[in-house]
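Dear colleague,

Please find below the structure that I am handing over to you. A short account of what was found follows.

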Amino acid sequence: RPSFLFTSSEAADLDGDAIHSIGLSGLAELEKQDPSLHKYEKLLFNRSPSTFHRENQSYDAMKSINQSIKSLLKALAPYFLLRPTHKILEFLIRCYQVHEHNLDDLLLCCLPYHTTPQFVRLVQLTNPKDKWSFLNGVKKTGAPLSRTVLAGACISDLAVLKF
């Protein structure tokens, strides 16, 4: 199972309810610094990875969920390096598969931290393609993304620069 916090074997031992608790604890911790995050408890944390299945949702429901995910990830960006944010990301990865379905929003949250091990870990969970294919080197080697490579991607692909 994909996991930001755990090894694949550790992640396999954690059920959806445990992941939900981890995510909620991260949200509660981060709400102490930013009370505006409280609204996401009702918007996104009212589901458990054990019972929520993206593929069973209506188009309108997923559109609303994706808007909430985008908004939350944008709000988490200043706190990306903090442990509570990592707990929230673990929940979002397991419950909503944000590393597959919300890649742009996820990278918007963490791209400013492109030289950190946390960025590398997140990229290794994704399948970068199209404008993000320059991240395949990070995924493969586990080395942080250098400014030179990021600048080169911006120069060679206008979509990355606009992003």
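A residue is called buried under 20% relative accessible area, exposed over 50%, and partly exposed in between (1.4 Å probe, protein chains only). By this rule Q97 is partly exposed, because its relative accessible area is 21%. Please note that this is a predicted model, in which local features need pLDDT of at least 70, side-chain atom pairs count only at pLDDT 80 or more, and totals for chains, interfaces and linings use all residues. Residues are numbered from 1 along each chain as its sequence is written, and side-chain values use heavy atoms, with hydrogens and water left out.

Q97 sits in the loop between α5 and α6; helices (H or I, at least four residues) are DSSP runs numbered from the N terminus. The phi angle of Q97 is near 50 degrees, a positive value in a residue other than glycine. D130, in the loop between α8 and α9, has a phi near 55 degrees, again a positive value in a residue other than glycine. D130 counts as exposed, because its relative accessibility is 66%.

Rings of Phe, Tyr and Trp (its six-membered ring) pair if their centres lie within 6.5 Å; planes under 30 degrees apart count as stacked, over 60 as edge-to-face and the rest as tilted. The ring centres of W132 and F163 are 4.8 Å apart and the planes stand at 85 degrees, so this pair is edge-to-face. It links distant parts of the chain, with the two residues 31 apart. W132 is buried at 2% relative accessibility, whereas F163 is partly exposed at 30%.

Elsewhere, ring pairs link F45, F52, F91 and Y96 into a cluster. Two of these residues, F91 and Y96, are among the contacts (heavy atoms within 4.5 Å) that L44 makes beyond its neighbours within four places in sequence.
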